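This briefing covers the contacts, core and strand pairing of one structure. The topics follow in that order.

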Amino acid sequence: PTYRMVVDFGALPNTSTKTVAHNIDFTTEFSVTRIYGAATDPVNLVYIPLPYSSPTLANNIELFVDGTNVTVTTGSNRSAFTRCTIVIEYLKNL
């Protein structure tokens with residue numbers, strides 16, 4: 001079976017890196033199959049996918065997961081995006 005964890009990431013950072021614990025007890029038997037998310041600017045009603053790719057390098061948004069955290073790095077100020085969810089899908093290889 002595929003497992004899914006949704007992480008309430010909160011606001012995106014302002015030209016920096018932010019980490020939030022995902023609370024998955026990963027072991028060497030786990031395999032992550034997908035990492036994705038979306039962020040919302042509720043004032044301007046703008047929505048972007050995560051990770052985000054742009055022809056303007058500074059507008060790119062990096063998303064990755066390690067054994068403890070979800071990490072997002074922004075190259076420009078994205079703090080107006082105050083609602084962000086990240087989805088981690090994974091397998092437990094028994």
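Leu12 is in contact (heavy atoms within 4.5 Å) with Ala39, Ile48, Leu50, Ile61, Val72, Arg78, Ser79, Phe81 and Cys84, leaving aside its neighbours within four places in sequence. The model is predicted: local features need pLDDT of at least 70, side-chain atom pairs count only at pLDDT 80 or more, and totals for chains, interfaces and linings use all residues. Residues are numbered from 1 along each chain as its sequence is written, and side-chain values use heavy atoms, with hydrogens and water left out.

**Nonpolar core**

- A nonpolar core is a set of buried (under 20% relative accessible area, 1.4 Å probe, protein chains only) Ala, Val, Leu, Ile, Met, Phe, Trp, Tyr and Cys residues joined through side-chain atoms within 4.5 Å.
- The largest one has 19 residues, of which Phe9, Leu12, Leu50, Val70 and Ile86 touch the most other members.
- At least two residues of this core come from each of S3, S4, S5 (61–65), S6 (69–74) and S7 (83–92); strands are DSSP runs of E, at least two residues, numbered from the N terminus.
- S7 gives the most, four residues.

- S3 (residues 30–41) and S4 (residues 46–50) run antiparallel and are joined by five bridges; strands pair if DSSP finds at least two bridges between them.
- Ala39 stands opposite Ile48 in S4.
- Four residues lie between the strands of this hairpin, and Leu45 takes a positive phi near 55 degrees.

**Open sheet**

- Three strands form an open sheet in the order S2-S6-S5, with antiparallel pairing.
- S2 (17–21) and S5 stand at the edges with a single partner strand each, so one side of each is left without a neighbour in the sheet.
- Five bridges join S5 to S6, and Val65 has Val70 in S6 as its bridge partner.

Key
Buried < 20%, exposed > 50% of the residue type's maximum accessible area, 1.4 Å probe, protein only.
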